[in-house]
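Please look over the sequence and the model below.

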Amino acid sequence: MKNRIISLFVAFAVIFGFIYASASGTEMVDSLIRKGDVNLDGYINALDAREALLLSAEMKKTSLPQVIWAADVDLDSMVSAMDARLILRVSAELATIPDIYYGQRISKIIIQVLESPQTPPVTNPENPTTGKGGVTSAPATQHLEFPLPAVPQFEKKSGTFAFITYGYGHGVGMSQTGALYLAKNWNYSYTWILGYYYRGLSLVINNPPATATMPNGQSVSMEEILGRVTQQEIGSDPLAFEALKAQVVVAYTNIVAANYKVKNLAYTSSYDKVDQSVKNAVREVWGQYLLYNGEPATAVFGSTSAGITSNPSEVWGGSNYPYLAPVNSYFDRLSGEYLSVKIFTADEIREIIEKFNEKIRTGRTSVLKNEIKLSDNPADWFEILAHDGAVNNNIGYITSMRIGDQIIPQRAGQILREHIFEYKIKSHCAVIEYYK
């Protein structure tokens, strides 16, 4: 009799779900049984966590597949204490799970559209006069509230060049340093962080395949590779848990975009090196990725910006993706990776330029048509013609420059860093000095 009553309840829920979906114009679902609603009462609370815990300990049995499905919130095909813990966190509003309903027949579900959030308040350093700090509502352009670090001391030898670089990497998209800072110091959620660095994208969820294909053709568990990528790319600081979740989302976005292949992502050598905080982050945002115009977004990211993220057209050329428009990331100045100096002798520069010229002669690069010719005066070899002011009025990501007798009108900084110097300098936001 009891089972019959439950069956009637489920049938009623299915009928009501059909009516509700039709009336609201949303995607049609088979019922209103929501992920996490283990006791099927229409709510997610501590009672659902208790039910999941009883099921995990086999202290309670059920023959209803809907109940098992609702209890498996971490999507690992089993009901465990981890599911009960996550449901309890959801009930206390410490975590979220998407609105997924039993029987939903769609490959991806929009969780939310990432609106462009307001710029974070600027945390002022302590004022040496008043001895007071605080939080202001200053606009992000006033990023000088985070003082520019001093250039490291180095010997200025005669006949050498110093490449003083700001930031680390191409600077486009999410700054990992910025994400860690926002999560750890201001407690911003992963959706806020994603919405800050990628404007106006949809955050969606699907059911990931069991495995992803590695560069060597090997198939690896999707959960494992997301953990290995996240551990390697951003670390495992549990105090910056929301940043770890943001990194999982962008890593999975890249994997989805590559047809579930692992491309252009760093990862640890084994799953044994992945900390529990990273594994928890993977489970909490399982299957979530970023969508743009119906396709997985180009969710690029980098270590540390120069204070403003870089314009993608000045890095890779081609069309600008509106969601990758430069944003202020002034807290990156606090990173130990922010400022670095690389010294080259004039002879080393000549060798680097000659190696690049050889690539032009043999057709291995097409970024420049003509070879670069250097004069007998090293002080005349480099001239920065334009930059974007990412650091201040005098320093920014290089957009145009002259090298020897060649003027590079666009993408000059990235051509310098990637194609000519082959990543021997950390950033294309640079100052170049020569010491006679």
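**Cavities and folds in a predicted model**

The largest cavity holds about 90 Å³ of space. This is a predicted model, and its count comes to three cavities of 30 Å³ or more. The protein chain has 11 helices and 16 strands.

**The cavities**

- Rolling a probe the size of a water molecule over the atoms shows where empty space is left.
- The lining of the largest cavity is made up of Lys35, Val73, Leu75, Ile97, Pro98, Ile100, Ile205, Arg283, Glu284, Val285, Trp286 and Gln288.
- Sorted by class, that lining of the largest cavity has eight nonpolar, one polar and three charged residues.
- In the second largest cavity there is about 60 Å³ of space.
- Asp74, Met82, Arg85, Leu86, Asn280, Arg283 and Glu284 line the second largest cavity.
- Helix H4 (81-91) and helix H9 (276-284) are the elements that give two or more residues to the lining of the second largest cavity.
- By class, the lining of the second largest cavity has two nonpolar, one polar and four charged residues.

**The chain as a whole**

- Of the 436 residues in the protein chain, 49% are buried.
- Contacts between residues at least 6 apart in sequence can be sorted by separation: 70% of them join residues at least 24 apart.

**The sheet S12-S4-S16**

- Three strands in the order S12-S4-S16 form an open sheet with antiparallel pairing.
- Strand S12 (339-345) and strand S16 (430-435) each have a single partner strand, so one side of each is left without a neighbour in the sheet.
- From one strand to the next, the twist in this sheet averages 20°.
- Seven bridges join strand S4 (residues 160-166) and S12, which pair in the antiparallel sense.
- Within this pairing, Tyr166 stands opposite Leu339 in S12.
- Helix H10 (residues 346-361) lies across S4 and S12, and H10 runs at about 90° to S12.

**The sheet S13-S14-S15**

- This open sheet has three strands in the order S13-S14-S15, again with antiparallel pairing.
- Strand S13 (382-387) and strand S15 (406-408) are the edge strands, and each pairs on one side only.
- The twist here averages 15° from one strand to the next.
- S13 pairs with strand S14 (residues 398-403) over five bridges in the antiparallel sense.
- His387 has Ile398 in S14 standing opposite.
- Helix H11 (residues 412-420) lies across S13, S14 and S15, running at about 65° to S14.

**Helix H5**

- Is helix H5 (residues 176-186) mostly covered or mostly uncovered? Eight of the 11 residues of H5 are buried, so by the cut-off of under 20% relative accessible area the helix is mostly covered.
- The buried residues of H5 are Gln176, Thr177, Gly178, Ala179, Tyr181, Leu182, Ala183 and Trp186.
- After H5 comes Asn187, which has a positive phi near 60°.

Notes
Residues are numbered from 1 along each chain as its sequence is written. This is a predicted model: local features need pLDDT of at least 70, side-chain atom pairs count only at pLDDT 80 or more; totals for chains, interfaces and linings use all residues. Side-chain values use heavy atoms; hydrogens and water are left out. Two strands pair if DSSP finds at least two bridges between them. Helices (H or I, at least four residues) and strands (E, at least two) are DSSP runs, numbered from the N terminus. Axes are lines fitted to C-alpha atoms, for helices over the stretch in contact, and angles run from 0 to 180 degrees between N-to-C directions. Contact means heavy atoms within 4.5 Å. On a 1 Å grid over the protein atoms alone, a cavity is a set of points where a 1.4 Å probe fits but cannot get out, and a pocket is an open set with protein on both sides within 12 Å along at least five of seven lines; lining residues have an atom within 4 Å of a point. Grid points are joined across faces, edges and corners, and a volume is the space filled by probe spheres set on the points. Ala, Val, Leu, Ile, Met, Phe, Trp, Tyr, Cys and Pro count as nonpolar, Asp, Glu, Lys and Arg as charged, and the others, Gly among them, as polar. Buried means under 20% relative accessible area, exposed over 50%, partly exposed in between (1.4 Å probe, protein chains only).
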